[in-house]
Amino acid sequence: MISGRRTLLLLPLAGPALAQDALGEVMRALAAVRERRSRFTEEKVIPELDIGLPNEGTLLWLAPDRLEKHTTWPIDEFLAVQDGRLRYERRDRGTQRDFALAEQPEMAALVEAIRATLAGDLPALRRHYEVGFSGTPAAWSLVLTPEALRLRGAVQRITITGEGAELRGVDTEGGGGVTRMRIMPTP
């Protein structure tokens, strides 16, 4: 009878330990992927508009820190991050910007949500976010809540979902709106 009681008392404690083990397994699987090419669709839902604003394009990840997002429809827009710098181009407007992410801490934290996840770098995620995890290594979800109050003013939460070592979605909630990105591996 006593041993059964001890088991019941320990079961609630086993949940967080199992989640941490699963989170560690997911991070190791993500870290093992050195290059990834994907397609994405994205929809920005703004409360003031009755319809979402869709776009689509490609993503490129090259470990340890190169991340590219090329929106191909409805506009041509390019964003690349590497070595702590961000480059933005919008050719139809002749716009090109390049800056150090250290100059823009809020932008750096947003970029780090994706870059650190793809790199399987949990300590980097925890520098900027409270990290929640649910699921199993086969189908998982990370909920990132910004630590910095300034960032929380723009982004309340980022939810990243995946299957194994593949990201499948990134939902960013902030400013009363939501951006939903769906990611599909490129064959």
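Helices (H or I, at least four residues) and strands (E, at least two) are DSSP runs, numbered from the N terminus, and two strands pair if DSSP finds at least two bridges between them. The model is a predicted one, in which local features need pLDDT of at least 70 and side-chain atom pairs count only at pLDDT 80 or more, while totals for chains, interfaces and linings use all residues. Residues are numbered from 1 along each chain as its sequence is written, and side-chain values use heavy atoms, leaving out hydrogens and water.

**Exercise 1.** Trace the strand pairing around β4.

*Solution.* Begin with β3 (residues 66-73), which runs antiparallel to β4 (residues 77-82) and is joined to it by five bridges, with a hairpin of three residues leading from β3 to β4. Next, β4 is joined by five bridges to β5 (residues 85-90), again antiparallel, and the hairpin between β4 and β5 has two residues, with Asp-83 in the turn showing a positive phi of about 50°. Finally, look at Val-81, which is the bridge partner of Leu-67 and also stands opposite Leu-86 in β5.

**Exercise 2.** Describe the largest nonpolar core and the surroundings of Ile-158.

*Solution.* A nonpolar core is a set of buried (under 20% relative accessible area, 1.4 Å probe, protein chains only) Ala, Val, Leu, Ile, Met, Phe, Trp, Tyr and Cys residues joined through side-chain atoms within 4.5 Å. The largest one has 30 residues, and those with the most contacts inside it include Leu-125, Trp-140 and Ile-158; its largest share, five residues, comes from helix α1 (residues 2-32). Beyond its neighbours within four places in sequence, Ile-158 is in contact (heavy atoms within 4.5 Å) with residues including Leu-110, Tyr-129, Leu-142 and Val-170.

Conventions. Buried < 20%, exposed > 50% of the residue type's maximum accessible area, 1.4 Å probe, protein only.
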